[in-house]
Amino acid sequence: MISCFTNPLTAQDEKHWSIERCIQYAMDNNLEVKMSRLSVNQSQEAIKYSRHQRLPSVGASASYNWGWGRNIDPFTNVPVTEGTRTSSFGISANMVLFNGNKINSSVKQSHIDLQASQYDVQKSENDLKLFLVSDYLQILIDRENLENAKRTVETTQSQLERTEKLVQAGALPEADLYDLRSQLATNELQMVNAENKLSLSYLNLKQRLQLTEQQEFEVIIPEIPEPDASLMVQNIEEVYHTALSLQPEIKSADLKVQSAELSVQISKADYYPTLSLQGGLSSSYSSALKQVPDGFETLPEPMSMPVGFVDPSYTGGAVWPVIREVNEVSVYRDADFFTQLDKAFRQYVGLNLSIPIYQKNQVNYSVARSKVQYETAKLNSQIERNTLRKNIEQAYYNARAAAKTYASNKRQLEALQEQFRVTEQRYKSGMDNVTDYIISQNQLNNAQSDLIWSKYDFMFKLKVMDFYLGKEITF
């Protein structure tokens with residue numbers, strides 16, 4: 001929103017800086033602006049995250065274990081006492097089908113937060129631009145004051161040399177010579193103060209640009225027209241309503257209200273059940289599992305072997321042997337790893353419904369907190385509007401006061417210039433004394449400084465009003 005007259009020298013001379021170059025450099029290098037832009041990157045990542053919540057979550061697992069002593073065969077559930085090795089592999093997926101519209105609301109919120117963060121960056125950039133323009137204009141003011149101080153020293157020095165000749169000739173008293181020497185010393189002190197003030201203004205602008213103090217730096221003097229009071233905006237309400245639709249802090253505050261409203265909806269979604277689709281694949285291996293070796297089509301006939309008796313008190317007096325059928329262990333060998341994986345391969349798919357019943361008041365607390373944040377965001381939006389109105393009203397009355405001050409200083413300078421011209425002629429002709437000459441010169445110097453300050457102050461305040469109207473700030 002800010003541009004200015006650019007001297008062609010800037011393309012070749014790294015020492016000279018225009019206001020445009022200052023602004024561009026600050027936009028590229030200012031640390032505060034960079035930090036505000038990081039919030040945009042964070043919001044962009046939040047959008048990606050919220051979108052990915054619509055996709056299924058997929059996970060894989062694998063394990064390999066050794067066991068000694070008494071173990072349970074995971075396939076037959078028969079106790080074994082030999083050392084075993086077991087492995088398991090699986091992959092599963094879960095996708096939310098319904099959770100109270102929480103995901104969709106989160107996606108909308110992340111988009112709104114991104115827009116708000118972008119407007120926050122614009123706000124920080126606009127603030128920095130206004131500070132840079134103010135610092136730049138201060139240097140222009142101090143430069144003109146310094147030039148004015150130098151001219152005053154030259155004028156006083158010239159008058160001193162003339163007075164010395166007249167004193168030597170006996171045409172003027174020696175006291176006039178001492179008064180002019182004192183005045184020259186005062187003027188030289190004013191020139192030194194002006195130099196120091198200019199150096200300090202340069203330092204302020206360098207620090208705003210985050211440049212080192214040793215870096216060579218000199219501003220380019222733009223062609224600045226005479227400020228025109230007729231350009232003053234007459235209707236504050238029009239400026240305010242225009243600014244409402246343009247200023248990024250208002251847009252950001254309104255978007256944050258929408259984001260806070262979605263936060264309430266997101267919190268309320270936890271009242272609803274969550275329905276998800278699940279599915280997976282798995283397989284496993286155990287060294288305890290035996291298989292028939294090659295060459296055997298069927299297992300050998302089992303042998304009956306009593307392994308115990310039932311207590312007669314439970315069988316009406318009869319004694320029943322407990323028989324277990326066993327095969328010769330030598331007939332079996334360990335099952336092949338890949339054969340087991342193939343035989344144990346399992347697939348499943350299903351739905352899962354999670355119904356919240358009591359969560360220790362967590363959802364109620366979350367909803368209540370979101371509602372408070374929503375009300376806070378609405379108040380902040382109104383505060384931003386009130387602040388904008390206050391700033392516009394203050395800028396308008398400041399500009400109007402600056403216009404009056406500039407016009408008054410201009411008339412005063414014209415009068416004092418004529419007064420000094422007459423006083424100087426009368427002093428040269430011996431009709432006025434040196435005291436009248438010095439007083440007239442000091443009044444003129446002060447009037448020149450006041451006019452310089454009021455000129456740039458009025459111009460800056462006009463540019464601030466242009467800023468609120470969305471116009472480019474040009475010099």
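Me: Of the contacts in the protein chain with a separation of 6 or more, what percentage is accounted for by residues 24 or more positions apart?
Reply: Happy to start there, with the reminder that this is a predicted model. The chain has 475 residues, and 36% of them are buried. Its secondary structure comes to 9 helices and 12 strands. Among contacts with a separation of 6 or more, the share from residues 24 or more positions apart is 82%.

Me: Which strands stand at the edges of the open sheet of 4 strands?
Reply: The order in this sheet is S2-S5-S7-S12, and the pairing is antiparallel. A strand at the edge has a single partner strand, so one of its sides is left without a neighbour in the sheet. The two edge strands are S2 (57–67) and S12 (346–354).

Me: By how many degrees does that sheet twist on average from one strand to the next?
Reply: The sheet in question is the open one with the order S2-S5-S7-S12. From one strand to the next, its twist averages 20 degrees.

Me: In S12, which residue is the bridge partner of serine 282?
Reply: S7 and S12 form an antiparallel pair with 9 bridges. In S12, the partner of serine 282 is arginine 346.

Me: Is leucine 388 buried or exposed?
Reply: Leucine 388 is found in helix H8. Leaving out residues up to four places away in sequence, leucine 388 touches Tyr240, Ala243, Leu244, Gln247, Glu249, Ile250 and Tyr468. Its relative accessibility is 2%, and the cut-off for burial is under 20%. Leucine 388 therefore counts as buried.

Me: How far apart in space are leucine 388 and glutamate 249, C-alpha to C-alpha?
Reply: Glu249 is among the residues that leucine 388 touches. In sequence the two are 139 residues apart. From C-alpha to C-alpha, their separation in space is 9.0 Å.

Me: Are H3 and H4 roughly parallel or roughly antiparallel?
Reply: These helices pack with their axes 8 Å apart, at an angle of about 165 degrees. An angle over 145 degrees counts as roughly antiparallel, so H3 is, relative to H4, roughly antiparallel.

Me: And is the crossing of H3 and H4 left-handed or right-handed?
Reply: The axes of the two helices are 8 Å apart. As H3 passes H4, the crossing is left-handed.

Me: What is the phi of asparagine 361, in degrees?
Reply: Most residues other than glycine have a negative phi. Asparagine 361 lies in the loop between S12 and H8, and with 46% relative accessibility it counts as partly exposed. Its phi is positive, near 65 degrees.

Me: Where is glutamine 210, which has a positive phi although it is not a glycine?
Reply: The phi of glutamine 210 is about 60 degrees. With a relative accessible area of 33%, glutamine 210 is partly exposed. Its place is in the loop between H4 and strand S6 (218–219).

Me: What is the relative accessible area of serine 43?
Reply: Serine 43 is found in helix H2 (residues 31–52). Apart from neighbours within four places in sequence, serine 43 is in contact with Ser110, Asp113, Leu114 and Ser117. Serine 43 is buried, and its relative accessible area is 12%.

Definitions and conventions. Residues are numbered from 1 along each chain as its sequence is written. This is a predicted model: local features need pLDDT of at least 70, side-chain atom pairs count only at pLDDT 80 or more; totals for chains, interfaces and linings use all residues. Side-chain values use heavy atoms; hydrogens and water are left out. Buried means under 20% relative accessible area, exposed over 50%, partly exposed in between (1.4 Å probe, protein chains only). Contact means heavy atoms within 4.5 Å. Two strands pair if DSSP finds at least two bridges between them. Axes are lines fitted to C-alpha atoms, for helices over the stretch in contact, and angles run from 0 to 180 degrees between N-to-C directions. Angles under 35 degrees count as roughly parallel, over 145 as roughly antiparallel, 65 to 115 as roughly perpendicular and the rest as oblique. A crossing is left-handed if the near helix is turned anticlockwise from the far one by less than a right angle, and right-handed if clockwise.
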